[in-house]
Amino acid sequence: MRICLDSSYLLPLFGIGLKDVPDDLLFRLSERSHELLINEISVFECAAKAAKLVISGRLRLKRLTDGLLGAAYSPALIRVSLYDLDIMRLAVEARRFLHDFIDCIILATAVMHADVLLTEDRLLLRPPDQLLRRIRAMNPRLAIMSLRDYAEKHGL
């Protein structure tokens, strides 16, 4: 199964814990032989969030750089280029419905390359009907679900 991960699931690599997201989630998913996809923009987004914590003194710079290297070079993660024109076209189309362009890029990555989009973002979990019809037309097998829903359906 090809799973596209929203940026939030990479945050533990940067030392940023999330409630209800195990720190070893990437390991758990990859040991099930899933292919884990991320868009390169997710690495940037996580680094930006970590940098904010470094500046405020709540995170060490080394933790940010370790996370950056882990996300950028982990063999468990398949990185999809931000510069993929098909993804960009669909992301721009999705921008009509979603206010966060990074979310649009992640959604478009999932539509173009995945069976599952894992996200905690409420707007991505329940896209507007017109956008959902477009997603289904392009990738009818794509399931958009939270980690909790994924764990209930597939075990984790």
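What pattern does the protein follow, read along the sequence? The protein follows β-α-β-α-α-β-α-α-β-α-α-β-α, with eight helices and five strands. Helices (H or I, at least four residues) and strands (E, at least two) are DSSP runs numbered from the N terminus. Before going further, a word on the model: it is predicted, so local features need pLDDT of at least 70 and side-chain atom pairs count only at pLDDT 80 or more, while totals for chains, interfaces and linings use all residues. Residues are numbered from 1 along each chain as its sequence is written, and side-chain values use heavy atoms, with hydrogens and water left out.

Let us start with the overall form. The C-alpha trace spans about 45 × 35 × 25 Å along its principal axes. Of the 156 residues, 44% are buried; buried means under 20% relative accessible area, exposed over 50%, and partly exposed in between (1.4 Å probe, protein chains only). Among contacts between residues at least 6 apart in sequence, 72% join residues at least 24 apart, where contact means heavy atoms within 4.5 Å.

Now step inside. A nonpolar core is a set of buried Ala, Val, Leu, Ile, Met, Phe, Trp, Tyr and Cys residues joined through side-chain atoms within 4.5 Å. The largest one has 27 residues, of which Ile3, Leu5, Leu29 and Leu118 touch the most other members. Two or more residues each come from β1 (2–5), α1 (25–30), β2 (35–39), α2 (40–55), α3 (61–73), β4 (116–118) and α8 (147–154). The most come from α2, which gives five. Apart from this core lies another, of 25 residues, including Leu37, Leu98, Leu117 and Ile135.

Next comes the largest pocket, which holds about 280 Å³ of space. On a 1 Å grid over the protein atoms alone, a pocket is an open set of points where a 1.4 Å probe fits, with protein on both sides within 12 Å along at least five of seven lines; lining residues have an atom within 4 Å of a point. Of its 14 lining residues, Leu18, Lys19, Asp20, Val21 and Glu120 are the closest to the centre. The elements giving two or more residues to the lining are α2 and α8, and α8 gives the most, with three.

Finally, visit the loops. Asp20, one of those residues closest to the pocket centre, sits in the loop between β1 and α1 and is exposed at 66% relative accessibility. Ser7 is found in that loop between β1 and α1 too, but Ser7 is buried, with a relative accessible area of 3%. Beyond four places in sequence, Ser7 is in contact with Ser42, Glu45, Cys46 and Ile106. Most residues other than glycine have a negative phi. Asp20, however, has a positive phi near 70°, and Ser33 has a positive phi of about 65°. Ser33 lies in the loop between α1 and β2 and is exposed, with a relative accessible area of 62%.

Definitions and conventions: Grid points are joined across faces, edges and corners, and a volume is the space filled by probe spheres set on the points.
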